[in-house]
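Welcome, and thanks for taking a look at this one with us. Please have the sequence and the 3D view open side by side as you read.

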Amino acid sequence: MTTRLEIVLVCPSNEGWGESATRSIYYPGGILAVGSRVKDVMPNWNVALLDGELYKIKDLEQKLATTDFHFLGLSANTNNYQNCLRLAQLGKEKGATVIVGGPHATAVPLQILKNRPFIDAVIVHDGEYAFLEYLKRCSHNVLDLSNIPNLFWRNPEGEIKNNKIMLPTEPPRFDELDFSLLPLQSYWAEHKKEFPEISEKFIQGFTHAGCTWRSKSGGCKFCDIPYPKNNYASPRRFWRDIKNIQRELGIESMKDYGDCLTGNPERVKALLDSRPVDLENFQLSCYARSKEITEEMADLLKALNVRYAYMGFDSGSNKMLQSMRQGYSVLHNYEATERLARRGINITGSLIVGSEGETEETLAETETFAHNLVQNPRL
């Protein structure tokens with residue numbers, strides 16, 4: 001095989017299987033991290049990223065059909081999985097090696113390899129290291145892949161093998177990403193339309209990894225957060241990374257993907273206390289948990305210049321919240337919403353319907369809850 005590998009990484013949309021509420025707003029951080037690692041370590045290899053949120057599935061198929069590549073990496077969530085399979089088959093027909101990662105792949109790696117012979121390997125959890133090592137071994141015709149963590153693969157005899165699993169522990173470093181792989185300006189334009197109260201010049205990142213609620217209780221019933229511990233980045237390092245990427249890209253805001261920032265008041269305060277004076281106007285959006293939004297926490301978020309808080313209300317029924325092991329009540333949702341709204345922090349909330357134990361009565365309670373939030377003149 002040529003020493004200059006051609007690698008295509010794709011995160012398909014769920015076109016045909018649903019509709020994304022945030023289409024074209026957020027860039028695919030998973031394949032960006034994977035592609036950035038490959039480019040950093042192996043600069044002579046060519047890496048192309050294709051975000052399905054920017055293309056129709058037919059356009060993606062056309063691009064792959066007219067492109068020469070040796071490896072095809074696909075990021076699968078449950079909604080886009082059928083489109084992943086379409087592209088995987090196309091890649092295999094072109095003679096490429098096909099690797100699938102992402103949340104769906106992490107949940108059912110053995111089933112994928114068992115049922116989809118056109119997929120050569122599956123990578124679970126964070127895939128930067130495993131993907132790069134897999135490419136290196138394959139490019140040198142190394143047959144034994146057993147010491148690559150997080151890799152599920154087929155040996156030359158066709159047997160499916162699963163390697164040691166290594167759970168991620170540290171928040172990803174966003175200042176190590178190669179943003180030239182993506183049309184960042186396109187995402188900025190769409191982001192401004194959806195979130196007008198925060199600068200469109202944003203990046204996605206993490207102030208921490210893991211979830212305090214999961215560390216304490218095992219987490220919500222449907223939780224699949226892989227981080228075994230709630231681990232916050234060093235505050236000074238975080239702000240230093242922000243400054244570095246700000247100099248490079250001119251960013252003015254960040255969406256924090258950590259679940260949830262509000263879980264540790266001491267760490268949030270440390271983040272605020274260590275913020276450099278010249279970043280006082282830097283804007284954040286973050287995930288928040290309603291029970292953790294005390295008056296003190298709401299003040300901290302306001303002082304941190306949080307413009308949007310994303311909260312999983314999940315249900316307007318206490319019965320359903322208990323069933324889902326959420327650890328908070330409908331009252332907590334109301335109180336947190338009012339506390340944030342009084343401080344001018346915008347709220348994006350989500351609800352889950354159809355969870356185990358759902359009834360017409362609990363659905364009606366959720367409908368009433370949603371109506372009350374929308375109609376409340378104080379919000």
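Here is a short tour of some helix packing and of one cysteine. Please keep in mind that this is a predicted model. Two packed helices are described by the angle between their axes and the distance between the axes, and the first two topics below follow that scheme.

**H10 against H11**

- Helix H10 spans residues 265-273 and helix H11 spans residues 295-303; their axes lie 10 Å apart, at an angle of about 25 degrees.
- The two helices, H10 and H11, are therefore roughly parallel to each other, and the crossing of H10 over H11 is left-handed.
- On the H10 side, the contact is formed by Pro265, Val268, Lys269 and Leu272, while H11 contributes Met297, Leu300 and Ala303.
- Sorted by class, this contact of H10 with H11 holds 6 nonpolar residues, 1 charged residue and no polar ones.

**The two sides of H10**

- Val268, Leu271 and Leu272 are the buried residues of H10.
- These residues sit on the same side of H10, because the arc they cover around the axis is only 100 degrees.
- Turn to the other side of H10 and you will find Glu266 and Asp273, which are exposed.
- Helix H9 (235-249) and H11 are among the elements that cover the buried residues of H10.

**H11 against H13**

- Helix H13 runs over residues 330-342, and its axis comes within 10 Å of the axis of H11, with a crossing angle of roughly 40 degrees.
- That angle makes H11 oblique to H13, and H11 passes H13 in a right-handed crossing.
- Glu295, Ala298 and Leu301 of H11 meet Arg339, Leu340 and Arg342 of H13 in this contact.
- By class, the contact of H11 with H13 has 3 nonpolar and 3 charged residues, and no polar ones.

- Cys11 belongs to strand S1, which covers residues 6-11.
- Is Cys11 buried or exposed? Its relative accessibility is 14%, so Cys11 counts as buried, the cut-off being under 20%.
- Leaving aside neighbours within four places in sequence, Cys11 is in contact with Pro28, Ile31, Leu50, Asp51, Gly52, Glu53, Ser75 and Asn80.
- Although Cys11 and Ala76 are 65 residues apart in sequence, their C-alpha atoms are 7.0 Å apart in space.

Definitions and conventions. Residues numbered from 1 in each chain as written. Predicted model: local features only at pLDDT ≥ 70, side-chain atom pairs only at ≥ 80, totals over all residues. Heavy atoms only, no water. Axes fitted to C-alpha atoms, helices over the stretch in contact; angles between N-to-C directions. Helix = DSSP H or I, 4+ residues; strand = E, 2+ residues; numbered from the N terminus. Parallel < 35°, antiparallel > 145°, perpendicular 65-115°, else oblique. Left-handed = near helix turned anticlockwise from the far one by under 90°. Contact = heavy atoms within 4.5 Å. Nonpolar A, V, L, I, M, F, W, Y, C, P; charged D, E, K, R; others polar. Buried < 20%, exposed > 50% of the residue type's maximum accessible area, 1.4 Å probe, protein only. Arc of directions from axis to C-beta.
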